[in-house]
Amino acid sequence: MGLFSFFKKSDKVGQENTIDSKDLLGNVASDAQNDNSEIVTKLSFHPDWDVPQEQKYIFNFLANELEPLKPNQLSLSSISIEEDARLGKWLVRAFFRSSLPQDIELGEIELFIMDKDDELVASKKFDFKALGTIPAESARPWVFEFEKSTLKTEEIPEEGWKIAFNLVSLRGHQLELDSTWEEQLPAEQKEELAKIVKTLPELGETEVNFTGLQAKFANDGSLNVSIFIRNGHNKAINLEQLPLEIIDANNKQIAKGSFKMDPILSVQPNSTKPWTFIFPPTLVNPKGADLSRWTARVTQ
């Protein structure tokens with residue numbers, strides 16, 4: 001295979017990104033191991049590879065540089081990046097390692113390339129089935145191809161970069177509760193909110209969405225509106241000022257105002273946070289309002 005030429009005698013093992021296997025696989029690992037033990041991973045080649053002897057020497061040299069893992073871990077060990085000048089893609093060399101006591105096969109996983117300052121410079125979903133079955137306690141060399149469309153920069157990162165699992169995407173979209181909600185809501189209501197979040201349409205990778213949860217008029221004429229603030233980004237969003245309008249079932253604007261968030265309202269990556277906004281009576285038009293259906297919109 002042509003990929004062997006990508007691994008060179010001058011290569012060295014660099015940064016490592018290690019996760020607990022349950023973050024990716026659930027609770028499949030054996031409890032028989034001592035969590036304080038160290039596991040030296042053994043070099044493993046894809047069964048379809050016919051590795052030349054000189055390349056075996058290089059792979060063994062690199063594998064011997066790898067630090068031991070703790071039990072039940074998965075790891076990506078960075079080696080080097082080479083650019084395909086013709087296509088503009090990056091060829092990222094790394095070891096995928098497992099300290100699990102059994103063989104594993106994996107599916108689609110999103111990977112990041114982070115620079116030395118932990119800034120994202122590339123991201124792509126890979127089908128790990130291509131790596132084949134990963135034996136117990138092993139290290140498999142691989143070349144991950146990041147096409148030009150997956151790159152955030154044209155410059156290959158300096159020394160100190162790493163290839164990493166996108167843990168945000170691995171855990172899936174989830175409910176995030178502010179500490180005040182966490183303290184005041186009973187467990188049943190928290191569970192109900194989490195169920196609702198799971199039924200909402202999937203967000204795009206850079207989408208922020210505002211979805212209505214509950215709206216009701218108070219005795220003093222104000223309008224209390226609870227909204228799901230949904231963040232599809234792989235980074236947190238911070239809201240300092242939020243201009244909102246509420247449109248009822250008759251497509252009529254029944255409230256409009258701008259809310260200064262103090263402290264700043266933060267929504268974590270790939271998360272949905274419920275929040276309640278109170279429109280005072282002066283900003284509400286209740287006449288003939290129909291709240292059987294309603295929409296919250298961010299205004300300009």
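Predicted model: local features only at pLDDT ≥ 70, side-chain atom pairs only at ≥ 80, totals over all residues.
Residues are numbered from 1 along each chain as its sequence is written, and side-chain values use heavy atoms, with hydrogens and water left out. Local features need pLDDT of at least 70, side-chain atom pairs count only at pLDDT 80 or more, and totals for chains, interfaces and linings use all residues.

User: How many aromatic pairs are there?
Analyst: Rings of Phe, Tyr and Trp (its six-membered ring) pair if their centres lie within 6.5 Å. By this rule, the count is eleven.

User: Is the pair of Phe 45 and Trp 49 stacked, edge-to-face or tilted?
Analyst: Planes under 30 degrees apart count as stacked, over 60 as edge-to-face and the rest as tilted. The ring centres of Phe 45 and Trp 49 are 6.2 Å apart and the planes meet at 35°, so this pair is tilted.

User: Is Trp 49 buried or exposed?
Analyst: Buried means under 20% relative accessible area, exposed over 50%, and partly exposed in between (1.4 Å probe, protein chains only). Trp 49 has a relative accessible area of 8%, so the residue is buried.

User: What is the nearest side chain of opposite charge to Asp 84?
Analyst: Lys and Arg count as positive and Asp and Glu as negative, while His and the chain ends are not counted. A salt bridge requires a side-chain nitrogen of Lys or Arg within 4 Å of a carboxyl oxygen of Asp or Glu. Asp 84 is buried and has no salt bridge. At 4.7 Å, the nearest side chain of opposite charge is that of Lys 89.
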